[in-house]
Amino acid sequence: MKYADEFRDKTIAQGLARAIGAEAKSQRDYRFMEFCGGHTHAIFRYGLEDILPANVRMIHGPGCPVCVLPASRIDMAIRLAELPQVTLCIYGDLMRVPGSQGKSLLSAKAFGADIRMVYSTLDAILIAEQAPNREVVFFAIGFETTTPPTAVMIRLAEKKWLKNVSVFCNHVLTPAAMHSILEGQDIHNGGRIEVDGFLGPAHVSTIIGTKPYEVLAEKFGKPIVIGGFEPLDMMQAILMLVRQVNESRYEVENQYSRAVTRKGNRRAKEKVSDIFEVRDQFEWRGLGLVPHSGLKLKQAYAQFDAEMRFAMHEVRVADNPTCECGAILRGLKGPVDCKLFGTVCTPETPIGSCMVSSEGACAAHWTYGRFRIIN
Amino acid sequence: MCLSVPAEVTKILPDDLAIVSIDSIRKEISIALIDDLAVGDYVLVHVGYALARIDPAEAEHTLQLLHELGSVGHGLQP
Ligand code: SF4
C-alpha cells in the first residue's frame, strides 16, 4: 500500500532504534504517553516496545473512544435500542462493550432489538431512507476524526428532509482530555501520572491541526510530537521527543507533515462548528467528569438530537471495581497489573472496554504482547 | 475505529462521493470534507470519509529523513 509500506521498513526501524538508544541518556528514564489508541495498537502489533531501549517507555493513554465511553452511555443506548420503533446504527466496535448490568448491545440484539452495524454515517442515511416508518438513531462516538462525518450526516438528513433520523452524540475532544491528564485532576484512584511528553494523535490532528496543542505544551512544559501510525513514523516521533527532553525544550512538533498542518482541515472544522457545541462536562471512563470535553448538537438541530427526541437521561454507574481500565487509561497501570487479565477477561468475554476495542491496551496486549510475560 | 488507510482517488462522483482504490480494492467514499480533490490524489480514508489529502512532497521529505536517520543509527555501536 503506497504511503504505508514504505513506512514499515524493518532495517530502517532498527537503525532508528539504535539512534534513539544513542541519544537517550542512560542515567534517566523517558516516559512518553501515546494518547491515541491507534498508536497503542501499532506499538503492540509491530513490537516496538521490544526494539526501543529499556529506558524509553511508552505509556498507553486513553485515546480510544470506545475505551473511554462510560458504561452509563452504553446503558442509555441499550434502553434506546429496546424501544420498539427504534433502529440503532452503530460502529462495530461498540457491539460487545459491557454496560453496567453486564448487558451489551450484542445481547440486546439477541433479544430482538433492531441494531445494525454500519461502516459509515452514509449507511445510516440509507437505512433511514429505506425504512421511513422506523426511527433511525446513529450512535455517534469518537474523537475529532469521526465528528465531521456525523456533521455531514446531519446536514444530509436535513437536505433530504428525513424526519426519522437522529444522533446519540458521544463525540469527545482530545485536547480537553490531555489537559485533564496533565493536570492530574482525578487522583483518587492512585496518583498523578508522570509523563515526559506526548506522542500526539495523527488522525485527530489532520482535522484540528497542531495549533490546539501549543497551549498545552506551554502550560505544562511537556513536548508534544504529532506522529503518524506507521512504525517508522512512530520511531521518528519518539526520537524527536527524546531530543526535546534532552534539550529541555517543550514544543509542538509535527512528524506527520504529509497529512497534518498547523491549521488542520478548515472545511471539516466548519462543518463541525455549524452543528455541534461544547458540553459543560462529559464523563470519561478513567478520567471522570472532564470539563468542556464533549460535544452535543446545537439547539437549532434539536430535532436530530436523540437525547432530546427520546428524553434520554444518563444514570451514572460505578465501573466494575476489579477492572483496572481506569488506571490503565491514565497510564498508571498496564494490562498485566489487572487480576482479571487473560483469566476472566479475554476478547471473547471482555469485562472492561480496554479489552473490547482492538485499540484498547488490554486487547492489544492480549493479541500481540501476552507471550512476552512468560519470557 | 481509529484506524484509517491511504487510498488513491480513481474517480470523482456527483454528490461529494468518489471511488478510491486501496491496494486495488475499489471503494466508494465521501469526499465532503476535502476541497478540490482530483483523480490521482491520495487521501486518508476513515469510516468511509476522506479526512485529509496526503502531500506527496512532504511524504518524500519524511522518507528521506527516515533513511538518513536509519543509516546514521546503523553506523552506531549497538
Ligand atoms: S483485563 Fe479486562 S478487566 Fe482488566 S483492566 Fe483490562 S479490560 Fe478491565
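Trainee: In which loop is H292(A) found?

Mentor: This is a predicted model, and in it H292(A) lies in the loop between β12 (288-291) and β13 (295-297) of chain A. That residue has a positive phi of about 50° although it is not a glycine.

Trainee: Which residue of chain B has a positive phi although it is not a glycine?

Mentor: Look at S24(B), where phi is positive at about 65°. You will find S24(B) in the loop between β2 (17-22) and β3 (25-30) of chain B.

Trainee: Thanks! Now, how should I read a sheet?

Mentor: Start with the general idea: strands of a sheet pair through backbone hydrogen bonds, either parallel or antiparallel. Then write down the strand order. In chain A, one open sheet of 5 strands runs β2-β1-β7-β8-β9, with parallel pairing.

Trainee: Which strands stand at the edges of that sheet, and why is one side of each left without a neighbour?

Mentor: The edge strands are β2 (56-63) and β9 (252-254) of chain A; each has a single partner strand, so one side of each lacks a neighbour in the sheet. From one strand to the next, the twist averages 25°.

Trainee: How many bridges join β7 and β8 of chain A?

Mentor: Strand β7 (residues 197-200) and strand β8 (residues 224-226) of chain A pair over 3 bridges, in the parallel sense.

Trainee: What is the strand order in the open sheet of 4 strands?

Mentor: That sheet has the order β4-β3-β5-β6 in chain A, with parallel pairing. Its edges are β4 (114-117) and β6 (165-171) of chain A, each with a single partner strand, so one side of each has no neighbour in the sheet. Here the twist averages 25° from one strand to the next.

Trainee: What is the bridge partner of T87(A) in β4(A)?

Mentor: The partner of T87(A) is D114(A). Strand β3 (residues 86-90) of chain A and β4(A) pair in the parallel sense over 4 bridges. Helix α8 (residues 147-159) of chain A touches β5 and β6 of chain A, and its direction makes about 160° with that of β6(A).

Trainee: Where does the ligand sit?

Mentor: The ligand sits in the largest cavity. Of the 13 residues around the ligand, C323(A), E324(A), C338(A), C345(A) and C362(A) come nearest. Two elements give two or more residues to the shell, α15 (325-329) and α16 (353-356) of chain A.

Trainee: How do the residues of the shell divide into nonpolar, polar and charged?

Mentor: The shell around the ligand has 11 nonpolar residues, 1 polar and 1 charged.

Conventions. Residues are numbered from 1 along each chain as its sequence is written. Chains are lettered from A and ligands numbered from 1 in the order in which they are written. This is a predicted model: local features need pLDDT of at least 70, side-chain atom pairs count only at pLDDT 80 or more; totals for chains, interfaces and linings use all residues. Side-chain values use heavy atoms; hydrogens and water are left out. Two strands pair if DSSP finds at least two bridges between them. Axes are lines fitted to C-alpha atoms, for helices over the stretch in contact, and angles run from 0 to 180 degrees between N-to-C directions. A residue is near a molecule or strand if one of its heavy atoms lies within 4 Å of it. On a 1 Å grid over the protein atoms alone, a cavity is a set of points where a 1.4 Å probe fits but cannot get out, and a pocket is an open set with protein on both sides within 12 Å along at least five of seven lines; lining residues have an atom within 4 Å of a point. A molecule sits in a cavity or pocket if more than half of its atoms lie within 2 Å of its grid points. Ala, Val, Leu, Ile, Met, Phe, Trp, Tyr, Cys and Pro count as nonpolar, Asp, Glu, Lys and Arg as charged, and the others, Gly among them, as polar. Contact means heavy atoms within 4.5 Å.
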